[in-house]
Amino acid sequence: MKDEELVILLKSKELKNKGFKILIDLYQFKIYWMIRKVVLSHESANDVLQNTYIKIYRNIDKFRQESKLSTWIYRIAYNESIRFLSNESKIKKISIDTVQENYTKKLYADNYFDANKLSVKFHQLLSELTVRQRTIFNMKYFDELKFKEISKILEMNENTIKSIYYDVEKKIKRDINE
Amino acid sequence: MKKNHNKELGFKIPKNYFEESNNLLFDLSVNKKRNIFNLKSLSEFIPYSIAAIFIIGFFVINSNQNIDNSTIEDSALLYSLISGEEITEEYVFDYLVTNTSNNKINYKK
């Protein structure tokens, strides 16, 4: 189903719920993995995913189709993830980027983390990045989003995003096999 | 999504997670919306509730108020406020007669 058709369903009073079911099927997997890479643990990702869908359902009437539906959805998911991290850092009284130790703790506390040699090394490198650098890298490398779409989601200049991504990619490729 | 979240990042998920969370996400989103709607409807009644509390409180306080320290005129004024009657000489005279007979009036020293 095309985005435009889905939006028509979502904005119709009678067919909104039907459209919303289709939207869950289409985006649940992608959004979950995007959130999981930001918040790290499965339980947290599950909570943020639920909040994201609640926000989408509540605000779909405000979607003005100035961007792709997927961009709008990813943006909500990203904002919800950052809000979650922000609340978490307020509770623990640490900066959102002071997370290297916290990052590892969260990973190992999660029952759904498989600590193999490659994953541990990958996370060690990712934990040395700021949240923004990590998000850009994850969105491009794992979620395979286009730079243009990432720039719209993060509201950042496309060239800045490219520059950050290539720097991080170079570092990770260099260090991953050390 | 070509990259493997399990191989490279070691992320696992519970068995059948996506299948099971599908309906849950739908129910949560739709019901949460309803709850918010109900809460909004309730919030419309809050100003009326507060006004009602003040009005009832005013009557309760006045009905229990000890008028020992009031002058005749003050008491008549309060009574007229509650009863809605206009204060005239005739009204004050009637008020005095009624309340004097009930021994409720204390004169200012």
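Student: What supplies the largest share of the lining of the second largest pocket?
Tutor: That's α2(A), with 3 residues. Helices are DSSP runs of H or I, at least four residues long, numbered from the N terminus. A pocket is an open set of 1 Å grid points where a 1.4 Å probe fits, with protein on both sides within 12 Å along at least five of seven lines; lining residues have an atom within 4 Å of a point.
Tutor: Keep in mind that this is a predicted model, where local features need pLDDT of at least 70 and side-chain atom pairs pLDDT 80 or more, while totals for chains, interfaces and linings use all residues. Residues count from 1 along each chain, chains are lettered from A and ligands numbered from 1 as written, and side-chain values use heavy atoms, without hydrogens or water.

Student: Which residues lie nearest the pocket's centre?
Tutor: Lys30(A), Ser70(A), Tyr74(A), Leu145(A) and Glu149(A), out of 12 lining residues. Both α2 (16-39) and α4 (69-91) of chain A supply at least two residues of that lining.

Student: New topic: where is Ser44(A)?
Tutor: Ser44(A) sits in helix α3 (residues 42-59) of chain A.

Student: Is Ser44(A) buried or exposed?
Tutor: Buried, because its relative accessible area is 12%, and buried means under 20% (1.4 Å probe, protein chains only).

Student: What does Ser44(A) contact?
Tutor: Setting aside neighbours within four places in sequence, Ser44(A) is in contact (heavy atoms within 4.5 Å) with Val39(A) and Phe84(A).

Student: And which residues of α6(A) meet α7(A)?
Tutor: Phe122(A), Leu126(A) and Ser127(A) of α6(A) meet Arg134(A), Phe137(A), Asn138(A) and Tyr141(A) of α7(A).

Technical notes. Buried < 20%, exposed > 50% of the residue type's maximum accessible area, 1.4 Å probe, protein only.
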